[in-house]
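Student: I have a structure open beside its sequence, and I would like to learn how to read its features one after another. Could you take me through it?

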Amino acid sequence: MSATVRAQRWRQLWWTWALMGVVVVAALALSIDTTPRTGTDDTRLYAIATELKCLQCVGESVAASQAPLAVQFRTEIDDQMRQGRTDDEILAFFSQRYGQEVLLSPPASGIGSLVWIVPVVAVAAAALWLGATFGRWRREIGARSTDADRDLVAEALRRREDESTEQPAGPGPGGT
Amino acid sequence: MNRALGLVGLLLSLGGCVIGVGVLLTGIRRNRPQLLRLGLPYALVALGGSVLSTFAMQRALSMRDYTVEFVFDHGSSATPLLFNVATMWSALEGSILLWGLILSGFTAAVALRFRQQLSDPLVAWALITMFVVGIFFTGLMLTAANPFRGVVPPPGYEGPGPNPLLQNHLLMAFHPPMLYLGYVGFTVPFAFAIAALATGRVGEGWLVETRRWTLLAWGFLTAGIVLGAWWSYEVLGWGGYWKWDPVENASFLPWLTGTAYLHSVMVQERRGMLRVWNLSLLCATFALTILGTFLTRSGVVESVHAFSSGNVGPILLGFFAVVVMVSVGLIGWRADQLRSSGRIDSPVSREGAFLANNILFAAFAFVVLLGTVFPLIVEALNGERLSVGVPFFSRMSMPIGFALLTLMAVAPVLPWRKGTGEVLRERLWWPAWGGVATLLLALAVGATGPTVLLAFALAGFAAGSAIRQLVLATRRQGWRGFVGRANGGMVVHLGTILVAVAFAASTSYIRSAEVTLAPGATATVAGHEVTYLGSRTVERDNRIELISEVRVDGDKIYQPRLNRYRMGGMTLGTPSVRVGPTEDVYLSVSSSPDPATGEVRIRVIVQPLVVWLWIGGMVMVGGTLLSLFPGRRRNPLAPTSAPLPSAASTEGETVG
């Protein structure tokens, strides 16, 4: 019994939770891979190809398609990787040559940026609205409990607990 | 013969629906219970008609009756039996036939389930709604998408067979019916929502009545989506399983709104709040299934799965518009009754968590819908052509996924009404350490990248919460701690977490290489030795298979194939996968052997944890089944802290 009580006290100590946070942050910091994405390996090639639309196909990326144009695109990506270009440079090359449509990620400027902005604005608006509703609800609750009220409740609960320990035969309060 | 049989079936089905609507409406207007009780026979007539027309189509397909245009276009003398059956849903007309069959099946099931309450106007209105949807789809089959249109075949005609992609794997026989059971299943709660609005009985009764139906539809939809992903993985040959394609999005959208509903409905049951929101979610889920069908069947959005197109687009769009207008109109009309008096005491509570859940799921659905239709909108606005694909959806869904995982960790332990920091610290202690342990374990096995690791940590946290709830429930109730909505829901959570982890790991740690190998040569890809042994050709009725034998890690032999279909001359690769608990090795042949050197090009893709996607999907479906069992539920009027009643006294009251 006293062991569980002690364990429960541990859970309430702020620094045990802070410790948890420190461990998480340290572990995440350890995991940061700083090696830049260069080189000519196939995995990188396909990562870039996933960003490009296969203009010859129906709804497929350059990575997923076996169409001649997709194969040609992949050869082009491979060449550019060998020349030491970065991912962004390669993508810019394709969008200059084949137009905006080739990029599967819409641009962050012009009308295409709306697809990024609108959801963020919508979620922010919904969160604000929900927050305002909670605020209204809180103000509407006229009666507020005072410390004296809370003492009364605590007293009643303590009495009930005492009773249930004295009479173990009765069903204890359920719930988690 | 088959055509006549099919048309008779369709007309029978249409007749059952039309007369059913007429009789039930008259019964409601004149208040005649005996007329309302006729709902069941008319539902059975409609079902009989659908069964008859489906039978006619299957008969035509198996007889290779090329006088039926659908068989002329999609059947073939060389298609094997199973795929011949599945040919029905490989193209538009046949898939609408399947839709109609499942719809009339659900209508009849509703009529049978509520046969004691048929004279209740609420049930009558629900049946009317289902009949009207039935009229729409049967009408579609009798006009724009007629599966039994006739044609005169030239002598010796053999038929092209279904799209080779669709006859390349067994899963194709199961994935579409599952998906359709999910789509169409959502018609039932939608119908009851409309019925509640029409009768003005917007109280909580109809929610309890349709709870299981919604869960069932959701389970089928989940199974259908997972099977579809599995099919992509096993067939398409690029190692992926989900690419945010419009057709995939079309199935994901109702899943998202349906999931949101399954959570927020609990707030309504408990607190009588969110009525408008829940009705809107149900209507949106149904409308999105129609919109999804429109998007993928009309050809407005290009998609690799859009296996057919026709002139059904405007009709489906019109029906979608009608559904939306009727829903919005009815909700507006009943606005006064829908206003709820309740309020939520604190955002840190179970209700608050469900609200946050709903915002996230609604946002997710909005992002997916916007991304799917955005190219259309932009082109309509200023003629600019741009694309929205995987990178957009991945970037947008990642923060939502993180937020959902966090919520999945915190929400299950939150009490109703108001939670305190003390309670949270007490209950989240072990789950939080579960998250930390998962993170350290991932680091120890060499996982890199803070975002993926954060996903793992949150997944561990969420899994900890779900397991905590299950442990507490089984301690209290024994095996019953796994059944019922709350406990089954935790099992579904565990399945979802498995899927999330597998998704994060397999997309982040994918490694691949394309190797050119002569017979006997070996290459090493991501630590796996791949040896090409040689190729052979096998002739089948419908295709010629070029089978390459590849040994992986000096162990078993795998046989990726190139299938050349006789009809149309299309060549498709069938990959072969070494499935493992930690890592899949995916082999896909991209060229036939070089005539001079005998070399083939093989793409080798190594992805960790992929198999857990399918396992996670199965756990989700299993959890849904557990949720369908009646669990022990509190008396809704009893205070939250009241003890659970004993098993015997609850058995009867939780049915429904």
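Predicted model: local features only at pLDDT ≥ 70, side-chain atom pairs only at ≥ 80, totals over all residues.

Student: Which residue in β10(B) does Ser588(B) stand opposite?

Tutor: Look across to β10(B), where you will find Arg603(B) opposite Ser588(B).

Student: In what order do the four strands of this open sheet in chain B lie?

Tutor: The order is β1-β10-β9-β8, with antiparallel pairing. The edges are taken by β1 (511-517) and β8 (576-578) of chain B, and because each has a single partner strand, one side of each is left without a neighbour in the sheet. On average, and with direction ignored, neighbouring strands of this sheet are turned by 20 degrees against each other.

Student: How should I read two helices that pack together?

Tutor: Two packed helices are described by the angle between their axes together with the distance between those axes. In chain B, take helix α6 (residues 92-113) and helix α7 (residues 121-142), whose axes come within 10 Å and cross at roughly 160 degrees. Angles over 145 degrees count as roughly antiparallel, and α6(B) and α7(B) are therefore described in that way. The crossing in which α6(B) passes α7(B) is left-handed.

Student: Which residues of α6(B) and α7(B) meet?

Tutor: On the side of α6(B) they include Ile96(B), Trp99(B), Gly100(B) and Leu103(B), while the residues they and others meet in α7(B) include Met130(B), Phe131(B), Gly134(B) and Phe137(B). By residue type, this contact of α6(B) with α7(B) divides into 14 nonpolar, five polar and no charged.

Student: How many residues does each chain give to the contact between chain A and chain B?

Tutor: Chain B gives 61 residues and chain A gives 50 residues. On the side of chain B, the elements that give two or more residues are α15 (350-382), α16 (390-410), α17 (421-444), α18 (450-477) and β1. The largest share of that side, eleven residues, comes from α15(B). Sorted by type, the residues of the side of chain B that touches chain A comprise 38 nonpolar, twelve polar and eleven charged.

Student: Into which domains is chain A divided?

Tutor: Chain A has domain 1, spanning 42-105, and domain 2, spanning 113-166, and the C-alpha centres of these two domains of chain A lie 51 Å apart.

Terms used: Residues numbered from 1 in each chain as written. Chains lettered and ligands numbered in written order. Pairing = 2+ DSSP bridges. Axes fitted to C-alpha atoms, helices over the stretch in contact; angles between N-to-C directions. Contact = placed C-beta atoms within 7 Å. Nonpolar A, V, L, I, M, F, W, Y, C, P; charged D, E, K, R; others polar. Parallel < 35°, antiparallel > 145°, perpendicular 65-115°, else oblique. Left-handed = near helix turned anticlockwise from the far one by under 90°. Domains from an automatic or database assignment.
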